[in-house]
Amino acid sequence: MASESDETWETLIEDLRPRLRKLVVAERVLDHIHFIEAEKKEQIRQKAKSESNAAAVELLVTAVLQRPHSLGWFTAFVDALQNAGCEYAADCVQVNLPDPEVEAENDYCVRLIQLLSPSLVTMKTADVCDQCYSAGLFSSEDSEIIKAETTNKGSICGARELLRSIVRGRPGWFSKFLRILQDTEHQYLYELTGGSPHCDKPGSPEKLPSPKDEPKGSEVVTEESPAAAESCDISMTEDAESTDLYEGASTESTQLPNSLEPSQPAAAAAAARGPENADIVLRDYQMDVARPALEGKNIIICLPTGSGKTRVAVYITKKHLDHRRAEGQSGKVVVLVNKVPLVEQHYAAEFLPFLKQNYKVERVSGDCQLKISFTEIVKKNDVIICTAQILENYLERSNTGEDEGVNLSDLTLIVIDECHHTQKGGVYNHIMMRYLKQKHKNTRLKKEQKEPVSLPQILGLTASPGVGGATKMEKAVEHILQICANLDASRIMTGSLGEYKKEPRKKTLTVEDRKEDPFGDVIKKIMNAIHTHAELSPTCDLGSQNYEQWVVQKQVKAATDEDHKVRVCAEHLRLYNEGLNLCNTIRMRDAFSFLSNSHEEEIKKKTSPDQEQKILITETERFLFNLFRENKAELQRLAENPAYENDSLSKLQSKILHEFSTREEARGIIFTKTRRSAIALSQWIQENPKFADIGVKASHVIGGGDQSVVKPMTSAERNDVLNKFRNGEVNLLTATTVAEEGLDIPACNFVIRYGLVTNEIAMIQAEGRGRAGDSTYTLVEVKNSGVAGKEYVNEYRKDMMHKAIDKIKTLIQADYDKQILEFQMQAILEEKVRITKKKHKDMRTEKPSDMRFSCRGCSLFACTGEDIQIIANVHRVNVTSEFSELFNRTENTSLQERLLDGETSGFIACKNCGQRWGSMMVYRGIECPCLHVKNFVVTCNGKKIGKCARWNELAVKFSPFDYAEHAKRVAESSDDEETT
């Protein structure tokens, strides 16, 4: 039975539970608390990882209050809080609370920091961190975590962690933090946060912001919108970092009383001095293309990259909202982008600075973990910048009625960036198809004298609609008209830039074949030996794209036919073909490193984690391993001889040296085909002393998807590099096509496409990355790439595109409208046919029991479809005990470091042959083997399916994962192990 003092302390802690959720860091406290059982501690830690710190603190407090109590439990809890650096929380638990006015002012200061965090995270984190630690604003452990976050993820992520740390401190931290901002030369942030612009000397009197100082009623000018304030714990940033300073992943909002609305004159005054308060002034050509949109018409604005399309869109957005507000109506604008990095760029550089004084602006991307629904965000804000897939998902939710979603009728203007992607199969087109179908229904409703459903105005932005592969003017015109129809555009607007026109100087650097290529000859010798062993006769040149296609076909056919000799040979031939391409693109040593690492990975597949399980090595595999070993030393020796390097690298080196030696401040981008070459080129530049001597500082930018075997970049990593490029810390980027569209660096003055040419749209986009007036665009040839010829074709298509647009603009409006309507009706009919086919396909669903899955590596039977369950309609798992006996598990450190959506703790691979089958995924605390269908040969009713890369290619519905049932089995299994 609890004592009276125990009950008093329990009541106190229970009352303080909401506050403790903000002030306590659960995992740190667990290190210093000893009366909670180890199992319960682990549950709390898992809660922190899988959900949030707030959820973990909730569980921690419940564990602390659980009876019976051990002797001295309350004192031990207080000591744990103090030792964990949660001193303010310890004060609260001991009822050592500040005066109500001091407490209210502290809450206000926390709220202010939350609202201003988008600006504050631009601080020089390392300098501020050292000063804050010296001033006692946080512990040494906090300091170490902030520095690690800064090192691993960049200065912005470190700044967020720093802000979270200081607001957990005792009242009084705010004045110290203000002084530190001033001492570390952050004058703008100092004034923005409430510091006096005239307080330049240490010790000068300064008045801290206070809730009492706030203007009332119409005097209030908010630094950020009320809706943004209400959802300030919601992460809308692309790098999935929360702006809630108490909680990096909080599930609840922290709100102030109405009397403490987050608005202060000092912050507004500081903001007013910044460029973001300037009116939007358009150039003549910008105003010309904007005019129809200002009249409420749907249009496409087609202006060259760097000519200010986005600024025009901001202007149109503002006038649209102003007009609706003047008429007593609300406006709702959604700005759609096709790449995550563009969300933050449009938000921070364009829409927020010009609109935040009068309107609520928010951003959302697929990288962030939404803490409230997108529906709520749309309701509470005037302008929402988001990736198109998010809007499409919520339009579908509303359509199916399964959840509260968003309707097109909720919106009044949709801005579509890079609108040339509004074509079949694209997410932009899915959204616009909903629009066109509703527009068609509205026509019928009007005829029936019924109220039509309101639809938003559409504004498309592009630098290049392209010609869709057309070779004749007629087809080019048709392609562009189709895009206009898809966007329901009444006109496509172009303008003459006049004095503002920037045309980069273009040049193509051709290369000569190596006089000798002994490194490539050795690789070809190995490949020919494999051809002989597998009895294969290629009909095209080794190292070519045609050879790659040929060998892929052989690999797929062999896997289907269970011809493992040819299949494994084809896999190795693909690696050697990649090696040949690499030695024509980057250094031979990089190509050798790729082949050597690939060989090591194949060897690892044949080694079980515990070294006890014997994995089958076939005679063919033994032959392939020995073949590389026999030639490895010679390849390594040749790779170190610079005399045999490719001419492309030599030409690239000369071009880079020329740009940096002839410009006062050079800043450029090198576009290349693969992630591997982007990374290797960056390393080559960093290691080359000739580049260092003239101040070249290189880094790479690659995509974030998992389609490649090369580890992708996280958004935080990518943004950190791009920010360094913008501020000059990095002056040369090597990048894949991820940086072609939308990357806005005004100081970039040269672009090089290194062995990379796709279509005329990509060419125009790449040219446009050079924003400076004296920019250059250079194409460097690479052997077997054929880029010079492709570039000539693209120049022809670019010229054809401009002529096609001019031809469309000469059409009489009635003729134009008629053609647009025909394209739209055709598109609607095709969509109906597609939906009908899909319904029929769904009706032909196969029984799971008829599906058999065998190892692609050795044909070992793995399971039937009945053994597979589906989690969240995405992950296919097999948790049967029989299946667990068939695979080995290996740890995957790279995935563990990244910890993406679902925690992935390792790989699973066939015990018999080492073929990878999938990954081990942690779902709500339970490990589940997650299968990747591409690693299996699938048989349906006795018929083999040749190639299956994705689960949705199979017409089968798996049963949903029964979490409760499996969790029960896991628990029973654990109990059995404990009793034995």
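This is a short tour of a predicted model, stop by stop, with something to select at each one.

**Stop 1: the largest nonpolar core**

Start by selecting Phe 519, Ile 656, Ile 685 and Leu 732. Among the 55 residues of the largest nonpolar core, these four touch the most other members. Now colour the helices from H23 (518-534) through H29 (675-687), along with strand S12 (750-754): each of these elements supplies at least two residues of the core. Which helix gives the most to this core? That is H25, with nine residues.

Next, zoom in on Ile 656. Setting aside neighbours within four places in sequence, its contacts include Trp 684, Ile 685, Phe 691, Leu 732 and Ile 752.

**Stop 2: a histidine in H25**

Go back to helix H25 and pick out His 572. Is His 572 buried or exposed? Its relative accessibility is 8%, so His 572 counts as buried, the cut-off being under 20%. Leaving out neighbours within four places in sequence, His 572 is in contact with Ile 530, Glu 602, Leu 624 and Phe 625.

**Stop 3: helix H18**

Select residues 340-355, which make up helix H18. At 1.5 Å a residue, its 16 residues should span 22 Å, and the end C-alpha atoms are 21 Å apart, which agrees. Follow the helix along and look for a kink of about 45°, centred on Tyr 347. Why is H18 described as largely enclosed by the rest of the structure? Because 13 of its 16 residues are buried.

**Stop 4: aromatic rings**

The whole structure holds 16 aromatic pairs. Show Trp 173 and Phe 174 first: their ring centres are 5.6 Å apart and their planes meet at 75°, so this pair is edge-to-face. Trp 173 is buried at 2% relative accessibility, and Phe 174 is buried at 3%.

Now move to Phe 374 and Tyr 394, a tilted pair with 5.3 Å from centre to centre and 55° between the planes. The pair links distant parts of the chain, with Phe 374 in helix H19 and Tyr 394 in helix H20, 20 residues apart.

**Last stop: a ring cluster**

Finish by selecting Phe 853, Phe 883, Phe 887, Trp 917, Phe 936, Trp 951 and Phe 958, which ring pairs link into a cluster. Then show Arg 916 and Phe 907: the charged end of Arg 916 sits over the Phe 907 ring, 3.5 Å from its centre.

Key: Residues are numbered from 1 along each chain as its sequence is written. This is a predicted model: local features need pLDDT of at least 70, side-chain atom pairs count only at pLDDT 80 or more; totals for chains, interfaces and linings use all residues. Side-chain values use heavy atoms; hydrogens and water are left out. A nonpolar core is a set of buried Ala, Val, Leu, Ile, Met, Phe, Trp, Tyr and Cys residues joined through side-chain atoms within 4.5 Å. Buried means under 20% relative accessible area, exposed over 50%, partly exposed in between (1.4 Å probe, protein chains only). Helices (H or I, at least four residues) and strands (E, at least two) are DSSP runs, numbered from the N terminus. Contact means heavy atoms within 4.5 Å. The expected span of a helix is 1.5 Å times one less than its number of residues. The bend at a residue is the angle between axes fitted to the seven residues ending there and the seven starting there. Rings of Phe, Tyr and Trp (its six-membered ring) pair if their centres lie within 6.5 Å; planes under 30 degrees apart count as stacked, over 60 as edge-to-face and the rest as tilted. A charge sits over a ring if NZ of Lys or CZ of Arg is within 6 Å of the ring centre and within 35 degrees of the ring normal.
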